[in-house]
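Please consult the sequence and the model displayed below while reading.

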Amino acid sequence: MNTSNYIIRNAFPSEFEEIGRLLIRVYSQLEGFPKENEQPNYYKMLANIGNFTNHSETEILAAVDENNTILGAVVFFNDMQYYGSGGSATQEKNVAGFRLLGVDPNARGKGIGKLLTQECIKKATENNQNQLIIHSTLAMKTAWKMYENLGFKRSEDLDFMQGELPVFGFRLKIIS
């Protein structure tokens with residue numbers, strides 16, 4: 001796996017719409033994940049992904065190749081109050097998080113999801129956060145092994161239900 005051809009950087013506002021379309025494509029194709037007609041507000045949030053950056057401590061990170069083609073993206077939250085997910089995660093202090101990680105289906109298996117995750121870990125560490133929180137679903141279970149290999153541990157206290165969909169929490173303790 002050669003990940004040296006990819007750059008992780010902050011997405012430009014002009015790219016937010018494209019990233020939203022990418023995330024809709026990724027999430028709508030997940031087997032067992034709610035479709036747009038089942039959770040229209042979730043997909044509306046994906047389409048308007050740039051709205052997360054209205055908060056100064058929230059960033060959209062993009063993975064791009066040498067042609068500046070967007071291959072994946074994630075939303076990083078340095079302040080969990082803006083995390084915008086269910087459960088208790090928004091009450092956590094001195095904790096960062098990320099959500100909505102997606103990799104273009106044509107770019108899977110190239111380490112892009114791992115690079116995006118590692119950049120979130122780096123940002124949380126540089127910002128002196130104690131932990132990094134994420135959520136996932138059974139439809140995304142293939143990513144769980146990657147998260148666990150990076151040190152994330154299941155954290156049942158962060159679990160919640162999104163309608164009929166069980167959502168599972170993970171924590172990474174950051175040692176500075």
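## Overall architecture

Helices, of at least four residues, and strands, of at least two, are taken as DSSP runs and numbered from the N terminus. The model is predicted. In the protein there are 4 helices and 8 strands, and along the sequence they follow the pattern β-α-α-β-β-β-α-β-α-β-β-β.

The radius of gyration is 15 Å, close to the 16 Å that the globule rule gives for 176 residues, so the protein is as compact as a globular protein of that length. The C-alpha trace spans about 40 × 40 × 30 Å along its principal axes. Of the 176 residues, 52% are buried. Among the contacts with a separation of 6 or more, 64% are made by residues 24 or more positions apart.

## Helix H2 and its two sides

In helix H2 the buried residues are Tyr42, Tyr43, Met45 and Leu46. They cover an arc of only 150° around the axis, which puts them on the same side of H2. On the other side of H2, Asn41 and Lys44 are exposed. An α-helix has 3.6 residues a turn, so residues three or four places apart point the same way.

The buried residues of H2 pack against H1, strand E4 (95-103) and strand E7 (160-162).

## Aromatic pairs

The structure holds 12 aromatic pairs. One of them joins Tyr27 and Tyr42: the ring centres are 6.2 Å apart and the planes stand at 65°, so the pair is edge-to-face. Because Tyr27 belongs to helix H1 (residues 16-28) and Tyr42 to helix H2 (residues 40-47), the pair ties together parts that are 15 residues apart in sequence. Tyr27 counts as buried because its relative accessibility, 3%, is under 20%. Tyr42 is also buried, with a relative accessible area of 12%.

Trp144 and Phe168 form an edge-to-face pair as well, with 5.4 Å from centre to centre and 70° between the planes. Trp144 lies in helix H4 (residues 141-149) and Phe168 in strand E8 (residues 165-173), so this pair ties together parts that are 24 residues apart in sequence. Trp144 is buried at a relative accessible area of 8%, and Phe168 is buried at 16%.

## Aromatic cluster and charges over rings

Which residues do ring pairs link into a cluster? The cluster consists of Phe98, Trp144, Tyr147, Phe152, Phe168 and Phe170.

Two arginine side chains are placed over aromatic rings. Arg99 lies over the face of Tyr83, at 5.6 Å from the ring centre.

Thr58 is found in strand E2 (residues 58-64). Is this residue buried or exposed? Thr58 is buried, with a relative accessible area of 5%.

Leaving aside neighbours within four places in sequence, Thr58 is in contact with Phe52, Thr53, Val75, Phe76, Phe77 and Tyr82.

Note on methods
Residues are numbered from 1 along each chain as its sequence is written. This is a predicted model: local features need pLDDT of at least 70, side-chain atom pairs count only at pLDDT 80 or more; totals for chains, interfaces and linings use all residues. Side-chain values use heavy atoms; hydrogens and water are left out. Rings of Phe, Tyr and Trp (its six-membered ring) pair if their centres lie within 6.5 Å; planes under 30 degrees apart count as stacked, over 60 as edge-to-face and the rest as tilted. Buried means under 20% relative accessible area, exposed over 50%, partly exposed in between (1.4 Å probe, protein chains only). A charge sits over a ring if NZ of Lys or CZ of Arg is within 6 Å of the ring centre and within 35 degrees of the ring normal. The radius of gyration is taken over C-alpha atoms; the globule rule is 2.2 Å times the number of residues to the power 0.38. Contact means heavy atoms within 4.5 Å. The arc is that of the directions from the helix axis to the C-beta atoms.
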